[in-house]
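Thanks for coming. I have one structure to go through today, so please look at the screen.

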Amino acid sequence: MTGREEKKANNLFFLCSLIEYIGRKTNNHRNVIVNAIGKDDLQHYFDLADVYHSENMDKLMFEIIETHNIENGIFDNVANAKYSIPTHWDIGKVYKRLIIDVHKKENKPLIDTLSEVYNSWLSRKIEDFNSSVYYESPEYLLQSYLKGENL
């Protein structure tokens with residue numbers, strides 16, 4: 001371990017932040033981005049996150065959009081937000097924690113867990129910046145996810 005986090009957690013943080021960044025720029029729900037990239041390429045970006053994080057985020061985003069034919073959508077949670085907007089790094093951290101917690105609990109491969117979390121009902125709640133779900137504690141998010149509803 002170098003730094004404050006394990007490499008796996010840091011790579012996942014970068015990947016989740018990248019997904020959020022692409023989703024905002026293309027006005028798509030985050031599961032659209034995850035599904036367009038696919039598990040194999042998500043694994044690739046995860047494995048090389050320590051290299052990719054040194055690149056320009058916009059350059060990487062445009063390469064991914066082009067490679068995976070991600071079209072613009074109509075979901076603009078940033079423009080629709082009535083309150084302070086969390087950064088893509090803030091939301092990346094929320095997803096990173098939730099994915100790691102679910103991964104530990106369900107003992108599934110990390111990228112499978114990532115895909116399941118982003119395709120869950122809870123992802124739609126997290127990306128609603130007019131709610132307070134993304135501010136909730138990691139334990140609350142985990143228990144809500146496992147139960148299948150907000151507690």
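Is F129 buried or exposed? F129 is buried, because its relative accessible area is 2%, and the cut-off for buried is under 20%. Keep in mind that this is a predicted model.

Now the partner of that ring. F129 and Y134 make an aromatic pair of the edge-to-face kind. Their centres are 5.5 Å apart, with 75° between the planes. Y134 is buried as well, because its relative accessibility is 7% and falls under the 20% limit. Ring pairs also bring in Y135, giving a cluster of F129, Y134 and Y135. Searching the whole structure turns up five aromatic pairs.

Next, the fold as a whole. The protein chain has eight helices and zero strands. Read from the N terminus, the order of elements is α-α-α-α-α-α-α-α.

On overall dimensions, the radius of gyration of the protein chain is 15 Å, which agrees with the value near 15 Å for a compact globule of 151 residues. Along the principal axes, the C-alpha atoms occupy a box of roughly 40 × 40 × 25 Å. As for contacts between residues at least 6 apart in sequence, 75% of them join residues at least 24 apart.

In the protein chain, 44% of the 151 residues count as buried.

How values were computed
Residues numbered from 1 in each chain as written. Predicted model: local features only at pLDDT ≥ 70, side-chain atom pairs only at ≥ 80, totals over all residues. Heavy atoms only, no water. Phe/Tyr/Trp six-rings, centres within 6.5 Å; stacked < 30°, edge-to-face > 60°. Buried < 20%, exposed > 50% of the residue type's maximum accessible area, 1.4 Å probe, protein only. Helix = DSSP H or I, 4+ residues; strand = E, 2+ residues; numbered from the N terminus. Rg over C-alpha atoms; globule rule 2.2 N^0.38 Å. Contact = heavy atoms within 4.5 Å.
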